[in-house]
Structures are given as C-alpha cells and as structure tokens.
Amino acid sequence: LSGGVGVDRVPGLGHSGGGSTLLGYIGIDTIIEQMRKKTMKAGFDFNIMIVGYSGLGKSTLVNTLFKSQVSRWSSGWGGEHKIPKTVEIKAVSHVIEEGGVKMKLTVIDTPGFGDQINNENCWDPISKYINEQYEKFLKEEVNIARKKRIPDTRVHCCLYFISPTGHSLRQLDIEFMKHLSRVVNIIPVIAKSDTMTPDEKNEFKHRVRKELETYGIEYYPQNEFDDDMEDKNENDKIREAMPFAVVGSDKEYQVNGKRVLGRKTAWGVVEVENPNHCEFALLRDFLIRSHLQDLKEVTHNIHYETYRARRLNDNGGLHPISANNTQESNL
C-alpha cells in the first residue's frame, strides 16, 4: 500500500521495481486456447506459387508436399500438354483438413515460364499477378462496409525451381529472383536433385548461394526479419542448407518392408522422405511445420505494407468504396 492505493504487481509485466505474485488464478493463460479454437473454426488460407522451367517436377513436388492431388494437372486443368506462347497464370484451390484444422490451399502455377526462344521480361505477368492480389486486398480494406474477414489471395510463398545443371544459375534465374524477391517470399529449390552425385549437389548448392549473395538476391527467410537471437540461430541453419535439393514423387514402393514415396531407378529407389537421399523432408518441415505462419506474416507486414504505402503515397490516399459499390475508388 502506498498513499492509500493497493497495487498488485504481476511478474513479467514490465514494472521496474519487480512485483509480487498473484493472489489467485485469473485465467489469462487461456488466451492461447481461445485463439486456437477461433483459428480452427475459421480455418486459414495459404497461397503458394510454383515457378520454373517445364519438366522440373513442380506439380509433382507440390502434390508430395501436401500428400494430396493439389496441382493443376491433378485437378484436370492441364488439358493438352502444350507449351503456352506466353507465361500464363493458373490457380487452383483445395480445402485440406488435418487434425481438425482446415486450410484453403491455393497452388498458383506459371506454365510457359522460361520455355520461349525469347524470355525477356517473362517475369512481368508473374509480378503483375502478385501485385494484383495486393491491390484486391487493398480495395477490400478501404471499403466503408468491409467484410469481417477479407479473402486473402496474396501469394505467401514462391517456390523457384532451379535446374540441376551442376554448373551455375542461368541468367533468367538471376533476373527473375532479382525482380520478384522485392515483392514476394522466394524459396529457391534445386529440382530433381537425384540426377547429381552428393559431391556435385553440395558444390552446386554452395555455388548457387554465392551467386545469390553476389547479385544481392534476398530469399526467404530474410536476415533483416529475424526477430531475436533464437530466430536468427534457427534461420541461419536454414539459410546454410538452402537451396534445398529435392526430389518429388507421388508413387509408393516397398523398401525394407515399408511403403515409401520414391523414384525408382536401375540402382534402387530414391526415397523422397529419407534425409540421406534428398532434402525434401527439410523443405517440408520448414515450409509447413515451422515457418508457414511466418510466411503469411512477412507477406502481410512487409511485402503488402510496402505495396500499400506506395499506392497510398502515389494516389494521395484511396477513396473508400461504399457498401453498394456505387462510389468508385480513384485507382
């Protein structure tokens, strides 16, 4: 008691003079469970873009990651396997559920990327699509009667597939990542890594990291977004392992009495989830089990906020859109 006023100080709430323990149970520790229940009821969105040359197994890898047929080929969007004359954007969504948690997964494919004789500026349609999703979200935000939950179509992650040449990055790889790393979380992966020996793979990974550093290409997880030393230590280990050398397969084989996902060769089965065979398990754990929420937060707090600030600054502010949409924005 001081001056007739009683103050209960709770440890850890920032009072400079320390504090006494609580006299009884309050229940503030239940907030985590409350948040978990709300999230499980509402579900959440995750939007992943796959970019790379044709024939690198992009659709197969995504199917393997989510252990379901989620790519556009699996969903009947493929049609005839013709190479498009320009880069196209194909998005397909699925709701997948595990342990009572629902996730609306959208896979955005980019057929035609890198497949033309002249690939100059072939990243422009991809950049345009990413910015269009930011624009859609921004328009919803400035509505007077905006939705309780704004549909999120923003690209949270871009898996960029590098050809397993064993030499160096191609000029198109460099240009794409230089332009797109400013607007989206890029995660580079070496596709079909079983075509290289372990020594070739390690040397290629080292060379790719050096080239990314030389050209100033920022890939996820970016150094400047580490929140604390714990984050930095964890992310440093991931950065040292990148780009992940992966193999994808949706076919099962019998190995030592177990059914495993793998690719069958004349020398045996390359087991997708065996860390001694490839780094698919590392990519899956990183992308889904440890950093999925952070990918969404970096998209919202960094990439989207950068876009939003630029648009509001360029436009002198956006006019709100009325509930009946009769008032146009000044976009």
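K192 sits in the loop between β5 (186-190) and α5. In this predicted model, K192 has a positive phi of about 45°, although it is not a glycine. Most residues other than glycine have a negative phi, and most peptide bonds are trans.

**Positive phi**
- K192 is partly exposed, with a relative accessible area of 30%.
- N121, in the loop between β3 (101-109) and α3 (124-141), also is not a glycine and has a positive phi, of about 55°.
- The relative accessible area of N121 is 36%, so this residue counts as partly exposed.

**Cis peptide bonds**
- Y220 and P221 are joined by a cis peptide bond, with omega about 0°.
- P221 belongs to the loop between α5 (198-214) and α6 (229-241).
- A cis peptide bond also runs from M242 to P243, where omega is near -5°.
- P243 is found in the loop between α6 and β6 (244-245).

**Helices α2 and α7**
- Two packed helices are described by the angle between their axes and the distance between the axes.
- For α2 (residues 58-66) and α7 (residues 280-290), the axes come within 10 Å and cross at roughly 65°.
- This angle means that α2 is roughly perpendicular to α7, because angles of 65 to 115 degrees are counted that way.
- The α2 and α7 crossing is right-handed.
- On the α2 side, the contact involves L61, T64, L65 and F66; on the α7 side, it involves F280, L283, R284, L287 and I288.
- Sorted by class, the residues in this contact are seven nonpolar, one polar and one charged.

Definitions and conventions:
Residues numbered from 1 in each chain as written. Predicted model: local features only at pLDDT ≥ 70, side-chain atom pairs only at ≥ 80, totals over all residues. Heavy atoms only, no water. Axes fitted to C-alpha atoms, helices over the stretch in contact; angles between N-to-C directions. Helix = DSSP H or I, 4+ residues; strand = E, 2+ residues; numbered from the N terminus. Parallel < 35°, antiparallel > 145°, perpendicular 65-115°, else oblique. Left-handed = near helix turned anticlockwise from the far one by under 90°. Contact = heavy atoms within 4.5 Å. Nonpolar A, V, L, I, M, F, W, Y, C, P; charged D, E, K, R; others polar. Buried < 20%, exposed > 50% of the residue type's maximum accessible area, 1.4 Å probe, protein only.
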